[in-house]
Amino acid sequence: MTAMTALTVLSAEAPSLVQSVDWLAIAPVVITAAVGLVVLVADLFLTERHKPVLGWISVAGLAAATATLLPLRAGDRATFCLTGDPAACSYVADRFTLVIQFLVLAGALITALLSVTAVHDSRMPAGEYWFLLLSSAAGAALLPASRDLATLIVALEVASLPAFALVGMRRGDRLSSEAALKFFLSSVTATAVSLMGVSFVYAATGSLHLTQVADRLEDVPGQLDTLAMAGVALTLVGFAFKTAAVPFHFWVPDTYVGAPLPIAGYLSVIGKAVGFTGLILVTVIAFPAYSDIWGPALAVLAALTMTLGNTAALRQSPDRPNSAVRLLAWSSVGQAGYLLVPIAAAAYSGRDQIGSTVAYALMYAAVNLGAFAVAALVARTKPLHRISDYRGLYAERPLAALSLGFFLLCLAGLPPGIIGLFAKVTVFRSAVDAGLGWLAVVMAINVVIALYYYLRWTALLFRTPEGAQTRTRAPWPVAAAIVVTAITAVVVSGAPELVLRVTSGSLFAQ
């Protein structure tokens with residue numbers, strides 16, 4: 001046998017070490033990242049007068065990335081799989097991935113529309129701003145598809161690190177600089193703790209792929225059990241920080257106040273989606289063997305988070321500067337508590353409960369981004385961001401007032417915001433089905449508390465205005481963001497089964 005023949009025989013018998021790449025599956029992430037690089041390079045060659053073009057390139061890129069989800073809607077595509085174990089893949093485009101990627105990319109698109117005007121008015125560096133926003137969106141889109149702990153942590157940091165810079169983008173603004181520093185230091189600490197947890201899990205199981213970790217945690221040697229439990233607990237810390245769960249919530253109000261309003265809205269929706277996605281993946285896919293540990297812990301966190309968030313929102317004074325943004329910030333903490341409930345319930349009654357969190361997140365994304373869009377419009381003439389600035393908004397801007405009123409009623413879960421009511425009922429039912437009756441009672445009490453501050457703000461919109469009203473023409477990108485979110489909220493309120501149908505059943509690849 002010649003040397004060439006022997007080499008041919010050996011190569012035929014040995015498994016290929018070259019991984020195939022499903023370019024269609026990774027297209028949403030690749031397009032977003034590529035457009036970010038295009039914007040960064042184009043910024044070097046454009047004059048200051050032509051810099052606004054970068055914003056529209058970013059908007060077009062996010063729209064194209066969102067459109068690439070359509071051919072993937074069948075789901076269950078995977079790539080970057082181990083050659084020795086094709087079931088262990090680093091990137092999986094299942095139903096869960098596609099729904100979260102739609103939330104992230106559509107949310108980033110609305111943020112981009114709001115940012116077109118904000119970047120110009122605040123004289124922020126356009127090239128850096130759009131590059132950072134697209135980079136963060138690319139990381140956030142990668143995270144739900146990540147199926148190994150290394151990719152998960154990298155995606156988390158790619159989504160987070162640009163956000164630190166975006167928060168501090170307003171040069172010379174003390175609040176912005178302080179917010180960015182506080183956000184950065186607390187996030188880095190949480191990530192370091194998570195990385196230690198990942199290293200413990202790897203030491204106990206010998207794998208980073210979530211499916212393999214789940215299998216090996218079922219039969220951990222006795223001497224490694226404590227190490228595995230510590231790894232599970234520490235890994236959850238970083239994701240709990242991103243969700244703003246108590247006691248990892250302290251960065252939220254100051255960060256939202258210091259950030260440009262579009263970025264505050266981005267953090268309230270996409271930032272939370274990143275945290276909840278990671279939390280879902282590590283709990284129900286990687287760590288089901290330790291559900292007796294993370295289930296009760298997340299249930300307690302949910303109760304504390306919704307209670308503290310709603311109580312703090314209730315205490316906001318309408319005449320205090322930045323009270324509107326602070327109320328939305330504390331409200332987002334309270335909403336995070338509701339989102340944690342189905343994840344905790346999954347420890348007791350199976351991972352299909354996760355659909356309730358995804359359904360709630362879709363509703364929350366539309367109405368919360370809409371509320372920030374109206375806040376961005378009002379801030380053009382009333383930059384103190386006080387709740388009292390919204391008094392008589394209906395007389396000044398009737399469509400904006402009606403939209404904001406509808407968004408607030410959706411967040412409160414009151415008609416005609418039917419989707420908010422349906423989402424809360426779905427989350428409530430997940431707690432009851434899992435036998436967490438006490439948590440359902442805590443949630444019901446918090447819903448009643450939240451009604452007060454949402455209705456107080458809504459009523460203010462229709463009261464008689466004080467003094468002369470100053471009205472300027474609404475920039476059409478901001479108006480478009482308000483219209484898109486309002487139409488989405490109205491359509492989904494009229495047919496809430498659309499969201500429930502998408503999120504029902506098994507969301508993960510079998």
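Is Glu-48 buried or exposed, and what is its relative accessibility? In this predicted model, Glu-48 counts as exposed because its relative accessibility is 65%, and exposed residues are those over 50%. The side chain of Glu-48 meets that of Lys-51 in a salt bridge, with a distance of 3.8 Å from N to O. Lys-51, in turn, is buried, because its relative accessible area of 14% falls under 20%.

The structure holds nine salt bridges, and one of them is formed by the side chains of Arg-147 and Asp-94, at 2.7 Å from N to O. This pair links distant parts of the chain, 53 residues apart, since Arg-147 lies in the loop between helix 5 (126-142) and helix 6 (149-167), whereas Asp-94 lies in the loop between strand 2 (89-93) and helix 4 (95-122). Arg-147 is buried, with a relative accessible area of 7%, and Asp-94 likewise counts as buried, at 1% relative accessibility. A further salt bridge is found between the side chains of Arg-386 and Asp-389, where the distance from N to O is 2.9 Å. Here Arg-386 is partly exposed, because its relative accessible area is 26%, a value between the limits of 20% and 50%, while Asp-389 counts as buried at 7%.

Cysteine residues were examined next. A disulfide is a covalent bond between the sulfur atoms of two cysteines. The structure holds one disulfide, which is formed by Cys-81 and Cys-89, with their sulfur atoms 1.9 Å apart. The link of Cys-81 and Cys-89 is right-handed, with 95° about the S-S bond, and both Cys-81 and Cys-89 are buried. Another cysteine, Cys-410, is also buried, with a relative accessible area of 0%.

The surroundings of Leu-208 were also considered. Leu-208 lies in the loop between helix 7 (174-205) and helix 8 (210-217), and Leu-208 counts as partly exposed, at 26% relative accessibility. When residues up to four places away in sequence are not counted, Leu-208 touches Asp-148, Leu-149, Ala-150, Val-198, Tyr-202 and Val-213. Leu-208 and Ser-90 are 118 residues apart in sequence, and their C-alpha atoms are 9.4 Å apart in space.

Definitions and conventions: Residues numbered from 1 in each chain as written. Predicted model: local features only at pLDDT ≥ 70, side-chain atom pairs only at ≥ 80, totals over all residues. Heavy atoms only, no water. Disulfide = S-S within 2.5 Å. Buried < 20%, exposed > 50% of the residue type's maximum accessible area, 1.4 Å probe, protein only. Helix = DSSP H or I, 4+ residues; strand = E, 2+ residues; numbered from the N terminus. Contact = heavy atoms within 4.5 Å. Salt bridge = Lys/Arg side-chain N within 4 Å of Asp/Glu carboxyl O.
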